[in-house]
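Here are my notes for a first look at this structure. Keep the view open and follow the points in order.

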Amino acid sequence: MKYIGDRHYWDEKFENKSDKPLSPEKSIIENMEYFKKGTVLDIACGDGRNTFFLLEKGFKVTGIDFSYKALKRLEKFAKLINCTVNTQQIDLCEKNALKDIGTFDNIVINHYRINKEQLKEIENIITDDGILFICGFGHKHKVDAKIRKEDLIQPTDFNVLDKSLELIKYEENEDERGFFVTYIFQKMKKL
Ligand SMILES: C[S@@+](CC[C@H](N)C(=O)[O-])C[C@H]1O[C@@H](n2cnc3c(N)ncnc32)[C@H](O)[C@@H]1O
């Protein structure tokens, strides 16, 4: 099984999920104060547990994922609460996957390890003072058959970022699910 990059696994998982999205990520709820008012791109959004939370907080949210089943669930849930959400089916493993996506005030990547090439692309699609929020299994998480070493967020992942993104918060958390890290970057205005 591949935690990242196995569309068949994720389609099947979303197909068989209960008729309700999960609760939003605790770290997003706790760090809302850092978000810039406006738009959000929820990368690898799944069926939208965080997308809904952000919609309810007044953000205009676009959710992208490669799982068609996940996006269909997200659209169905959004309809039920009379919310509009933009969705795009995008495989992040493809080159230039985010080329035509536009710009956003905030980017959320929750429980997906973005690769270095994509991180470089992301840097260019955040508005000035905008936020890059990343949370997921971190470098000290115990690997198993489901979560492999290559799925874990490493501190060195961010070495590729240039100085326009400043780390404004870093947090480590541990609970029954494992070891998590949260990185919050802010895009600095070019002088
Ligand atoms: C652990 S889930 C996280 C979902 C959501 N961000 C959340 O916090 O609930 C990982 C998500 O990554 C998506 N994913 C995995 N590989 C992907 C890829 N190559 N391109 C786009 N989405 C991908 C899966 O479909 C799944 O929705």
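1. Start at A44, in the loop between β1 and α3. The model is predicted. A44 has a positive phi of about 60°, although it is not a glycine. Is A44 buried or exposed? A44 is buried, because 22 other C-beta atoms lie within 10 Å and the cut-off for a buried residue is 20 or more. A44 also belongs with the ligand: it is among the residues that come nearest to it.

2. Compare N82. Its place is the loop between α4 and β3.

3. Now the ligand. Which residues come nearest to it? Of the 19 around it, they are W10, A44, G46, F66 and L92. By class, the shell holds nine nonpolar, six polar and four charged residues.

4. Helix α1 covers residues 7-15 and helix α4 covers residues 68-80. The two pack at an angle of about 35°. Their axes are 7 Å apart.

5. Seven strands form an open sheet, and the pairing is mixed. The order is β3-β2-β1-β4-β5-β7-β6. Which strands lie at the edges? They are β3 (86-89) and β6 (165-175), each of which pairs on one side only. From one strand to the next, the twist averages 15°.

6. Look inside the sheet at β5 and β7. They pair in the antiparallel sense, over seven bridges.

7. Helix α3 lies across β1, β2 and β4. It runs at about 170° to β2. Helix α4 lies across β2 and β3. Its direction is at about 170° to β3.

8. The largest nonpolar core has 42 residues. Which of them touch the most other members? They are I43, I107, I109, L132 and F133. Several elements give two or more residues to this core: β1 (39-43), α3 (49-56), β2 (60-65), α4, β4 (104-110), β5 (126-137) and β7 (178-187). The largest share, seven residues, comes from β5.

9. Take I43 as a way into that core. Leave aside its neighbours within four places in sequence. I43 is then in contact with I64, I107, V108, I109, Y112 and I114. Two of these partners, I107 and I109, are also among the core residues that touch the most other members.

10. Finish at K142, in the loop between β5 and β6. Is K142 buried or exposed? K142 counts as exposed, because it has 9 C-beta neighbours inside 10 Å. How far apart are K142 and V160 in space? C-alpha to C-alpha, they are 25 Å apart, with a separation of 18 residues in sequence.

How values were computed. Residues numbered from 1 in each chain as written. Predicted model: local features only at pLDDT ≥ 70, side-chain atom pairs only at ≥ 80, totals over all residues. Axes fitted to C-alpha atoms, helices over the stretch in contact; angles between N-to-C directions. Helix = DSSP H or I, 4+ residues; strand = E, 2+ residues; numbered from the N terminus. Near = placed C-beta within 6 Å. Nonpolar A, V, L, I, M, F, W, Y, C, P; charged D, E, K, R; others polar. Core = buried A, V, L, I, M, F, W, Y, C linked by C-beta atoms within 7 Å. Buried ≥ 20, exposed ≤ 12 C-beta atoms within 10 Å, placed from the backbone. Contact = placed C-beta atoms within 7 Å. Pairing = 2+ DSSP bridges.
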